[in-house]
Amino acid sequence: MNNSKVLYRDIATGTFFLVGIFSFMSGAFVLSTLLFGMAFLSSNISFLAVTK
């Protein structure tokens with residue numbers, strides 16, 4: 001398993017989640033919902049490039 005691709009996926013997931021929290025606190029509820037959804041998908045989808 002390629003650790004750098006897993007690291008990039010973890011960084012992207014964390015970034016989506018943190019930006020989602022900040023946008024939720026500022027009142028941008030639609031944007032925060034989209035960012036939380038992107039964090040969920042990026043953490044749960046098994047990418048083909050990662051599993052090769």
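The accessible surface of the protein chain amounts to about 3,900 Å², and 76% of this area belongs to carbon and sulfur atoms. Of the 52 residues in the chain, 17% are buried. These values refer to a predicted model, in which the mean pLDDT of the protein chain is 82 and 83% of the residues reach 70 or more.

The secondary structure of the protein chain consists of three helices and zero strands, and in sequence order the elements give the pattern α-α-α. Helix H1, which covers residues 3-26 and thus comprises 24 residues, extends 35 Å from its first C-alpha to its last, a span close to the 34 Å expected at 1.5 Å a residue. Within H1, the residues Val-6, Thr-13, Gly-20 and Ser-23 are buried. An α-helix has 3.6 residues a turn, so residues three or four places apart point the same way. After the end of H1 comes Gly-27, for which phi is positive, near 100°.

The arrangement of the helices was examined next for H1 and H2. Two packed helices are described by the angle between their axes and the distance between the axes. The axes of H1 and H2 come within 8 Å and cross at roughly 160°; because angles over 145 degrees count as roughly antiparallel, H1 is roughly antiparallel to H2. The crossing of these two helices, H1 and H2, is left-handed.

Although Leu-41 and Thr-13 are 28 residues apart along the chain, their C-alpha atoms are separated by 8.6 Å, and Thr-13 is one of the buried residues of H1. Val-30 is likewise found in helix H2, but with a relative accessible area of 65% Val-30 is exposed, since the exposed class begins over 50%. From Val-30 to Gly-20 the C-alpha to C-alpha distance is 9.8 Å, with a sequence separation of 10 residues; Gly-20, like Thr-13, is among the buried residues of H1.

Notes. Residues are numbered from 1 along each chain as its sequence is written. This is a predicted model: local features need pLDDT of at least 70, side-chain atom pairs count only at pLDDT 80 or more; totals for chains, interfaces and linings use all residues. Side-chain values use heavy atoms; hydrogens and water are left out. pLDDT is the predictor's confidence in each residue, from 0 to 100. Helices (H or I, at least four residues) and strands (E, at least two) are DSSP runs, numbered from the N terminus. Buried means under 20% relative accessible area, exposed over 50%, partly exposed in between (1.4 Å probe, protein chains only). Accessible areas come from the Shrake-Rupley method with a 1.4 Å probe; for residues, only the protein chains shown count as cover. The expected span of a helix is 1.5 Å times one less than its number of residues. Axes are lines fitted to C-alpha atoms, for helices over the stretch in contact, and angles run from 0 to 180 degrees between N-to-C directions. Angles under 35 degrees count as roughly parallel, over 145 as roughly antiparallel, 65 to 115 as roughly perpendicular and the rest as oblique. A crossing is left-handed if the near helix is turned anticlockwise from the far one by less than a right angle, and right-handed if clockwise.
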